[in-house]
Amino acid sequence: MANPLRDPRDRRLPKVAGPCGIVLFGVTGDLARKKIMPAIYDLANRGFLPPGFALVGFARRQWDNEDFAAEVHDAVREHARTPFHEDVWRQLSEGIRFVEGDLNDPVSYAQLRDVVEELDRLRGTMGNHVFYLSIPPGLFPVVVTHLKESGLSEPAAGEWRRVVVEKPFGHDLTSARDLDHVLESAFRPDEIFRIDHYLGKETVQNILAVRFANTMFEPIWNGNFVDNVQITQAEDIGIGGRAGYYDGIGAARDVIQNHLLQLMALTAMEEPLSFDAQQVRVEKEKVLSAVRLPGDIDLHTARGQYAAGWQGGVPVVGFLEEDGIPATSTTETFAAIRLTLDNRRWAGVPFYLRTGKRLGRRVTEVAVVFKRAPHLPFSDYAVQELSDNALVFRIQPDEGITVRFGSKVPGTPTLEVRDVSMDFQYGDSFVDTSPEAYEKLILDVLLGEPPLFPRSTEVELSWRILDPILDRWAESGRPEQYASGGWGPASAYDMIARDGREWRRP
Ligand SMILES: NC(=O)c1ccc[n+]([C@@H]2O[C@H](COP(=O)([O-])OP(=O)(O)OC[C@H]3O[C@@H](n4cnc5c(N)ncnc54)[C@H](OP(=O)(O)O)[C@@H]3O)[C@@H](O)[C@H]2O)c1
């Protein structure tokens, strides 16, 4: 495929996928339009797709191949990261096909199989296909069963078939296991790719680079020096038009189960023997296995629902008044939990995880907060504006790292110390913009490289952590309301104040 953007020095995505195609289910959905189809174009644009690459869309629309290609074209023009090149698009569009069908209808899968086999002959996809399920999770079992029964999940010798599923991976431990059984009835474990798009973010991978490529952080990366770790994913928007998805799921299942526990695992894990999938997963699983649940869930967790109010100068409705949300909903839009790890490195260090909608600003960060110096040879007045040292991985936006430490205030008659920040911004040090997480992850699926995809054990361990908390919340009635534009309910402040600490204000 034409390669107008590829810089020969660009070693971030060094490999080009071999002959293959993607069958995308749910092409009319939000995720497909905003993320997946644009990422496929961006990969083509950067020269990472094979010349005969094929994209097959599957949806219940009366479209032909040209109609679907026009949809992809619009999605690409609107959402792709890289510039539009007519020649790249032309080559990509030659491999675009459409199958009209309902996910429940076996006949549609027979048509899909015909299309896939035709592509193998005409485009040289050589029997290598990804089935990307960008569909409501309730439909995973029916699609996987049809893929199996139609023979689509079964590769011939020398071919491969892979399946991609989006979170949520179940809604508790039992349903996660059920999902695994369904997936594993048709695909081998190494053919199953669970997408947690946070793991595709450069800034998340950078946690491992910073920790393990340098000497100055690891010696202090433990309970001797670290006071606490705060992992925050905050959104300033509400649920938008996603009531159907969000109600009954809530903040803990939507964000803590996957993104935040993965961030915790990367922050806390031991150095892996290597960065191959098996070794990284082993270390992450050790962290998740070492989690000690809060002794008293009521005291060490908090949850809430955003109330009507103002945000950014605009009046906003509360969660219970959102379209499609019943006034009796007990789904939380804010969740915070305090966990500890039973291992030598982290004994006694609380990990505070919080996420919510309609909070003060959109930000995701991991803040490692250090202990105060054991002795400060200054007057109380001199250090009254000194807080704790912190190293903050800014995952999004403003991707980078901040180090906060005390420094002398210039020009004061006595030696006064105040917090200052040292900032590393990706944009200042690297000229290229980072690839979208979906670019990285889709290419890894095509290459069959799984380090950034959680396997079933990690998913199960995460549910083991969350299930008791969710069960307790289910018994305890309505979540507390919190002000839109603030930082969550009073119980979240109380929870951390009981430990003599306070939340960072990102
Ligand atoms: N959106 C995000 O940012 C996001 C983030 C993380 C994970 N996810 C996950 O990604 C998946 C897709 O999310 P989404 O937001 O794109 O969902 P969505 O907008 O609700 O789209 C769902 C897709 O499934 C199709 N579909 C539903 N029932 C069907 C049927 N019986 N036959 C054929 N097609 C059917 C829909 O087609 P119709 O147009 O015909 O209804 C639509 O294309 C979900 O698993 C979601 O949990 C989404």
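Into which domains is the chain divided? In this predicted model, the chain is divided into domain 1, covering residues 21-166, and domain 2, which is made up of residues 199-374 together with 455-497. The centres of domain 1 and domain 2, taken over C-alpha atoms, are separated by 33 Å.

**The nonpolar core**

- The largest nonpolar core comprises 147 residues, and those with the most contacts inside it are Phe25, Met264, Leu353 and Ile442.
- Helix 9, residues 250-268, provides the largest share of this core, namely eleven residues.
- Because domain 1 (21-166) and domain 2 (199-374 + 455-497) both give residues to this core, it lies between them.
- Once residues up to four places away in sequence are set aside, phenylalanine 25 touches Phe58, Leu103, Tyr109, Leu112, Phe131, Tyr132, Leu133, Ser134, Ile135, Val143 and Leu147.

**Helix 13**

- Helix 13, residues 437-447, is largely enclosed by the rest of the structure, because ten of its eleven residues are buried.
- The buried residues of helix 13 are Ala437, Tyr438, Glu439, Lys440, Leu441, Ile442, Leu443, Asp444, Val445 and Leu446, and one of them, Ile442, is also among the residues with the most contacts inside the largest nonpolar core.
- The cover over these buried residues of helix 13 includes strand 1 (21-25), helix 1 (30-45), strand 4 (129-133), strand 5 (161-166), strand 6 (192-195) and helix 7 (202-213).
- Glycine 448, which follows helix 13, has a positive phi near 70°.

- Strand 12, residues 334-341, is mostly covered, with eight of its eight residues buried.
- Both faces of strand 12 are covered, with Phe334, Ala336, Arg338 and Thr340 buried on one side and Ala335, Ile337, Leu339 and Leu341 buried on the other.
- In a regular strand, side chains alternate between the two faces of the sheet.
- Strand 8, residues 291-292, pairs with strand 12 in the antiparallel sense over two bridges, and here arginine 292 stands opposite threonine 340.
- Strand 9, residues 301-306, pairs with strand 12 in the antiparallel sense over four bridges, and in this pairing arginine 303 stands opposite alanine 335.
- Strand 13, residues 351-356, pairs with strand 12 in the antiparallel sense over six bridges, and glycine 356 in strand 13 is the bridge partner of phenylalanine 334.

**Strands 14, 15 and 16**

- Strand 15, residues 390-396, is mostly covered, since seven of its seven residues are buried.
- Strand 14, residues 363-370, runs antiparallel to strand 15 and is joined to it by six bridges, while five bridges join strand 15 to strand 16, residues 400-408, again in antiparallel fashion.
- Phenylalanine 393 in strand 15 stands opposite valine 366, and in strand 16 its bridge partner is isoleucine 401.
- The hairpin of strand 15 and strand 16 has three residues between the strands, and aspartate 398 in this hairpin takes a positive phi near 50°.

- Threonine 232 belongs to strand 7, residues 226-234, and counts as buried because its relative accessibility is 1%, below the 20% cut-off.
- The side chains of threonine 232 and arginine 354 are joined by a polar contact of 3.0 Å.
- Apart from residues up to four places away in sequence, threonine 232 touches Arg354, Val363, Thr364 and Glu365.
- Glutamine 230 also has its place in strand 7, and at 2% relative accessibility it too counts as buried.
- A polar contact of 3.2 Å joins the side chains of glutamine 230 and asparagine 228, while a polar atom of the glutamine 230 side chain lies 3.1 Å from the backbone oxygen of glutamate 502.
- Beyond its neighbours within four places in sequence, glutamine 230 is in contact with Tyr352, Arg354, Glu365, Val366, Ala367, Ile496, Glu502, Trp503 and Arg504.

**Surroundings of the ligand**

- There are 22 residues around the ligand, of which Thr28, Leu31, Arg60, Arg61 and Ile135 come nearest.
- An oxygen atom of the ligand lies 2.5 Å from a polar side-chain atom of threonine 28.
- A polar backbone atom of isoleucine 135 is 2.7 Å from an oxygen atom of the ligand, and a backbone N or O atom of lysine 167 lies 3.1 Å from an oxygen atom of the ligand.

Key
Residues are numbered from 1 along each chain as its sequence is written. This is a predicted model: local features need pLDDT of at least 70, side-chain atom pairs count only at pLDDT 80 or more; totals for chains, interfaces and linings use all residues. Side-chain values use heavy atoms; hydrogens and water are left out. A nonpolar core is a set of buried Ala, Val, Leu, Ile, Met, Phe, Trp, Tyr and Cys residues joined through side-chain atoms within 4.5 Å. Buried means under 20% relative accessible area, exposed over 50%, partly exposed in between (1.4 Å probe, protein chains only). Domain bounds come from an automatic or database domain assignment. Contact means heavy atoms within 4.5 Å. Two strands pair if DSSP finds at least two bridges between them. A polar contact is a pair of N or O atoms within 3.5 Å; within protein, one must be able to donate a hydrogen and the other to accept it, and residues adjacent in sequence count only if both atoms are side-chain atoms. A residue is near a molecule or strand if one of its heavy atoms lies within 4 Å of it.
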